[in-house]
Amino acid sequence: MRIGIDVGGTNTDAVLMDSRTILGAVKTPTTPNVTDGIVTALQMLIEQTELNPANIMAVMLGTTHFTNAVVERLHLCPTAVIRIALPATEALPPMTDWPKDLRNAIGNHYFLVKGGYEFDGREIASFDSMEVRQVAKQILDRGITSVAISCVFSPINDEQEKQAAEIVRQVIPNAHVTLSSAIGRLGLLERENAAIINACLSEVAKRIVAGFEAALRQMNITAPFYLSQNDGTLMASAYAQEYPVLTFNSGPTNSMRGAAFLSGLKDALVIDVGGTTSDVGMLLNGFPRVASQAVDIGGVRSNFRMPDVYSFGLGGGSIVRTDPIKVGPQSVGYELTTKSMIFGGDVLTTTDVVVAAGFHNIGDQDRVQHIGKPLIEGVLDIIGEMVSISVDRMKTSAAPIPVVSVGGGSILIVRPINGASEIITPENHAVANAIGAAIAQVGGEVDRVFSLEAMSREEALNQAKAEAISKAVAAGADPATVEVVDVEEVPLAYLPGNATRIAIKAVGDLAMA
Amino acid sequence: MRMLTEQHIDDLALGAAVLGTGGGGDPYIGRLLAIEAIRKFGPVKLLTLDEIGDDELVVPAAMMGAPTVMVEKIPNGREIVAAFKALAGYLGQPIAAVMSIEAGGLNSIMPISVAAEMGLPLIDCDGMGRAFPEIQMVTHTIFGVSATPMTMADEKGNTVLINTIDNHWTERFSRSITVDMGGSALIALYAATGKQLKELAVRGTMTYAEEIGKTVRLARQQEANPVEAVRRITGGFQAFKGKVVDLQRRTVGGFARGEAHLDGLDEYNGSKMIIHFQNEHLVAMRDEKYVVTVPDLITVLDVDTGEPITTEGLRYGFRIVVIGIPCDSRWRTQKGLELVGPRYFGYDVDYIPVEQRLG
């Protein structure tokens, strides 16, 4: 049996699953310190299912903790960046394009040293151990232990980054080092940014993971726990402590994976209607389609494999204005159960309207009887249009496609959607995120440049696939279940040697010992 | 004459990407370099062609090489200065101003950082009015101005000077030196006098790019249609609206050649388009008939935001509008078409101006 928990902006959801059966599901408001909400959710779940904590094999958590820490600039470590690149890259030092307040929050410490690689693996300059040692001493003198290391073309060769890390660890006791090659793809600034964000989250990561462990212990749950990554796969808590940046945007990924599971569809459009916003994404072969342009994490540009999600301001708590009729983007959010009319409040929300229209029986219906038909129709029209336009944005062909609706705000989907062959609101749709976390798999990724003159295309692909598969196993996957789910090839313009960039993702089920 | 400040860069970068017709490199790095240079060295003086003396020497500055290398091995800022100094030294003449050689993507913004750093004015013009893949594809070639002497510099401090018998040889040599330098190089080439430029250059390109970018920005702010705004300000024609349903890319002769296949949306429902590219978009065919070809500009914009999309950035599932924009008249001459017409790129079709095809 497994527990899946999703800590969203409005609600914390928890589900209990046995293989592919859902045994219980609960929802409770997210608390400011987050841990309390998790404990409450677990208590509710245990009560609902009479579950014996000893029978839980694993707990999977999707959280916005780390995203929030960066967005709010809270509890971030002073961090030093060592970029191995001289004589190149000086025109744009580390953190050049960062918001000033974020740069200052981590101290704006950076050092450039000699080294780096050309696209074909030649060195730009020799790595200079003495130089790095002196830099490490400066970092030590500044009292910093959180270090991010980047290097030109390190996805092709991580040797220099590793050498630098070795020296840093020798000079700085308790150093916490993030290598850009371990988490990022091609694009120096984006990859370096990811490494820096990761490094500055090291204290938060330690604290949050310890907090989750404490919450589970409090509930007598001794099973190991995992955190959801932004691509829908899991990482062990120890790995999450090392790479907290990989949890960014795991929420939408989980809701889409949950939607795939609940609907039984592998290719569909998913709309997750929350309290304030809705997210629309495309499911391809059971996984969300990834965005290919640069993504923003906390105001900083990066290039993670993140789900391609279109968000818009429609939710169950969206405030309705009557003259002229307008829906959202303002919302009562998690205060729905006190502020909206059906719950005794005085704010007209979208939920009030669908109840007044007779589609759902929630709260006190009498309190919304006075809402006139023209207003109801007008609001439902607007909601229908917002949804249809957003769905159409994300479709990849003109052909009608099934739309799976999840999230607590799914009650708003009462009109047909243009371009949808059918609308499916599966049972347990309100906790799809938590389910997505519970059924997540573990994965391994490779993203490198190969020269197809040195080896055949088939050899390069096989090498990359084998590497991705072994990375998945190292992350905890059962080797028997691992398969390659994504292959991307991009020939590189203007480069000889038939250089091609190959990106492979392999995914497997978590090996339960 | 006006001053270019940080505030103008974003608009210029976006407009340049529209003119880049899918190529010209990733504008992000270029934008950052320009902003950093202006912050460090101050705003840049932008002069019209009429404000430069007939005898004054103007030299384009550019970055040459693989877009993938450009986003990894960022310049140190000294390379282009070295290239300029080497060229000025060889010519025995001071360089009076900088210009852009191609108004698309990276190479319309790079010259701004060069001008800032060297304290030189920037001339409001370029050699293409768009982006093209090969060095000889500039109006200078039509008017017999040589690309060489050309200097190339890398981050290690190497500078190479080449002199060739024609601009096609320049493309050959400089391409292989670029590879030796690690796949990217900063270059100074096509030195020309004010008098020559007044005849051959494409005028007002920097301002034009800025106008395009500004129009898109305002359209977005006012919730008007940014795609329509681009079409109007460029005098372009909508060629298609569709979803990318297939993408084929392969490396041929050092360039990324490929095709994007689109299924029509809305009024184009049931129709199909194929765009062929060699970094930049070359020809667009709708239901197997040519609707826009080089040298006219084929620009791809996101259907909702109007954001221009490079060929490297194009992905399966993207919803885009394809716009055909008339090129500069010099490209429509016989010499121009020999250089950059569809036949040069291997397409068995004669050039017909887009306004005739789609007007």
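The model is predicted. The points below take up chain B as a whole and then helix α4 of chain A.

**Chain B overall**

- Chain B contains 12 helices and 18 strands.
- Its radius of gyration is 19 Å, close to the 21 Å that the globule rule gives for 359 residues, so chain B is as compact as a globular protein of that length.
- The C-alpha trace of chain B spans about 60 × 45 × 40 Å along its principal axes.
- Buried residues make up 57% of the 359 in chain B.
- Of the contacts in chain B between residues at least 6 apart in sequence, 73% join residues at least 24 apart.

**Helix α4 of chain A: extent and end**

- α4(A) runs over residues 129-141, which is 13 residues.
- From first C-alpha to last, α4(A) reaches 18 Å, close to the 18 Å expected at 1.5 Å a residue.
- G143(A) follows α4(A) and has a positive phi, near 75°.

**Helix α4 of chain A: buried side**

- The buried residues in α4(A) are V132(A), V135(A), A136(A) and I139(A).
- These residues lie on the same side of α4(A) because they cover an arc of only 105° around the axis.
- The cover over the buried residues of α4(A) includes strands β5 (79-86), β6 (109-114) and β7 (146-151), together with helix α5 (159-171), of chain A.

Note on methods:
Residues numbered from 1 in each chain as written. Chains lettered and ligands numbered in written order. Predicted model: local features only at pLDDT ≥ 70, side-chain atom pairs only at ≥ 80, totals over all residues. Helix = DSSP H or I, 4+ residues; strand = E, 2+ residues; numbered from the N terminus. Rg over C-alpha atoms; globule rule 2.2 N^0.38 Å. Buried ≥ 20, exposed ≤ 12 C-beta atoms within 10 Å, placed from the backbone. Contact = placed C-beta atoms within 7 Å. Expected span 1.5 Å × (residues − 1). Arc of directions from axis to C-beta.
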